[in-house]
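Student: I would like to learn how to read helix packing and chain contacts. Could you take me through them with an example in view?

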Amino acid sequence: MRLAGFFVFAVAVILLPILFPDNYFVTVVGIAAGLHVILAVGLNLLMGYAGQISLGHAAFFGMGGYASAILTTRWEWPGWLAMLAGLLVAGTIAWLLARPILRLRGHYLAMATLGFGVIIHVLMVQATEWTGGPDGLGNIPPLNLLGWTVDSDRQWYWVIAVAMLLVIGLSLNLVDSRIGRALRAVRSAELAAQMMGIDTARAKTQVFVVSALFAAFAGSLFAHQQAFVSPDSFSLMISVELVTMVVLGGMASTFGAACGAIALTLLHEGLVVFEDYEMLIHGALLMAVMIFLPQGLFVGLTQGVHRGWTWIASRRGAKEPHHPAVS
Amino acid sequence: MPEQIFQFLVTGITVGAIYALVGLGFALIYNASDVVNFAQGEFVMLGAMTAIALLGAGLPLVLAAIAATLLTALVGLLLERCAIEPARGASVVTTIIITIGAAIFLRGVASLLWGKNSLPFPAFSGNEPIHLGGATLLPQSLWVLGGAVLLVSLTRAFLNRTLLGKALLACSFNPVAAQLVGINVKVMLRLAYGLSAGLGAIAGILAAPITFSSYEAGIMLGLKGFSAAIVGGIGNPMGAVAGGLLLGVLEALGAGLISSGYKDAIAFVFVLMVLFFEPTGLFGHKVAERV
């Protein structure tokens, strides 16, 4: 029952390319949406469950991307090894940064993560001999998995779909584990959680590292899939967009984050026609959701349906004659 | 070399004065409503862009500047009324995201109205550089510095000497108590947003001849203003001014002595260091947290 939502989602993801082969929205937009889902689900662990904001998550996405790009093009490392290196770099940096940065709260945490994102972005633009500077790095070889080369859109769809389902499954399990419960305790009352004997600093560090790892994983896949990386893909605006996805879907819900990621990807695709208005609509949407549906679209709607259902049920119950319990 | 350093200091103080004004706006809003306004940089941009547009429409400089400041103040007031007030009592994350949304929205409006190019603004009193003991300085820098000194002292006097300013401070100390002694907290909040937006707009107009302006000019300025406020101890208006000057000087020295490409990174490394080691800011009061 707990994983029912997961299986429904998995079946939909598998059926889509079979029902609509060669559909642009499935194979091309689907790939982008899948990567966004990985990023948003990872960020949601930090924002939704641990209650810590990050305005610099694109930095970890970029570390994965650039690790894969630099190691495969300059040193001709195999793709999987470069990906592991990217995960190692992002994970280590997140681990080192976690204690000092997660000690901060609210606005201070927002500023610190934002500053970290800007610093990494400046490095990507300025360290030209490594990163290729603002022009980026191209000619990244296709990903090779156990002798199978991934190079068509359909193949990429499957790789990213599997990666995405893996991340969602991991996240669902994590949330229901001991760590997940500790995180929720941290979110609702950090001091009370400490009193209960939860090592809150450790719990926050763990979730920060996990969400950085998810982002770096997405970054490596992104680099191979695009065969090109540039600093534009990892800027402050991208960090803000990731936060938007989590918030749009609904914080503290893995499927909420996934839905937010898919919704924002589709919205971008739909707004291409109104290119000039994209920023305006993006900003207005962000404000409107936060003012009127602060729990997000997915969570807000499911709660609404649930409330409606219990209301109908209670009305029906009221009409029936009341049977006093036999004592 | 000493001459060069002197030059960097002069440049740094000019840039710092702009950061200081943006940081002051941050502190005003934070004091009144506990909201960190990520759209502060957009007020700076709106002020400059509106003034450029009005000047282009044939208005004289002074009128264009005044009208642009008033219009931007109106935008600040509307932001409070339409986006912050309906979400009162929301979590910090929620208000942060609302103001980020507002920033993106205003940027979108600006790009629709004025396009995506960087637009020039004529200097108030020519471009003849002034020589000052080995360093050169544009007349516009003097305008920026003079404007900053004037605005900071006016704000300070307003907060400490006038009844209205004291009422505003009272709201930041304790909104319920302020309400009880008859201060209309809602009106005070709108006033804070309007004032802060106006301050931002004037900073934008003063700086525009040096930096030019475009629809996205507010992003970095806003972040630097936020940094200034944090370095100075958030919620401390004069701390924000000192933080802005410090940040500007540091950035100019970093750009001159290390590399100009890394200047933003240098500024943020400094901010991170302050946050890690002195999280209440260099000039803030130590606050004990209540459970």
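Tutor: Let us begin with a pair of helices in chain B: helix H5 (residues 139–161) and helix H8 (residues 185–211) of chain B pack at an angle of about 165°, with their axes 8 Å apart. Helices (H or I, at least four residues) and strands (E, at least two) are DSSP runs, numbered from the N terminus, while axes are lines fitted to C-alpha atoms, for helices over the stretch in contact, and angles run from 0 to 180 degrees between N-to-C directions. This is a predicted model, in which local features need pLDDT of at least 70 and side-chain atom pairs count only at pLDDT 80 or more, whereas totals for chains, interfaces and linings use all residues. Residues are numbered from 1 along each chain as its sequence is written, and chains are lettered from A and ligands numbered from 1 in the order in which they are written.

Student: How are H5(B) and H8(B) oriented to each other?

Tutor: Angles under 35 degrees count as roughly parallel, over 145 as roughly antiparallel, 65 to 115 as roughly perpendicular and the rest as oblique. H5(B) and H8(B) are therefore roughly antiparallel.

Student: Which residues make the contact between them?

Tutor: Two residues are in contact if their C-beta atoms, placed from the backbone, lie within 7 Å. Among those of H5(B) are Trp143(B) and Leu151(B), and H8(B) contributes residues including Leu199(B) and Pro209(B).

Student: What would a roughly parallel pair look like?

Tutor: Take helix H9 (residues 218–231) and helix H11 (residues 263–277) of chain B, which pack at an angle of about 30° with their axes 10 Å apart; H9(B) and H11(B) are therefore roughly parallel to each other. Their contact includes Lys224(B) of H9(B) and Asp264(B) of H11(B).

Student: How many residues does each chain bring to the contact between chains A and B?

Tutor: Chain A gives 32 residues and chain B gives 37 residues. On the side of chain A that touches chain B, helix H5 (106–126), helix H11 (236–249) and helix H13 (278–292) of chain A each supply at least two residues, and the largest share, 14 residues, comes from H5(A).

Student: Which residues of H7(A) are buried?

Tutor: A residue is buried if 20 or more other C-beta atoms lie within 10 Å of its own, exposed if 12 or fewer, and partly exposed in between, with C-beta atoms placed from the backbone. In H7(A) the buried residues include Trp156(A), Ile160(A) and Ser171(A), and what covers the buried residues of H7(A) includes helix H1 (4–19) and strand S2 (148–150) of chain A.
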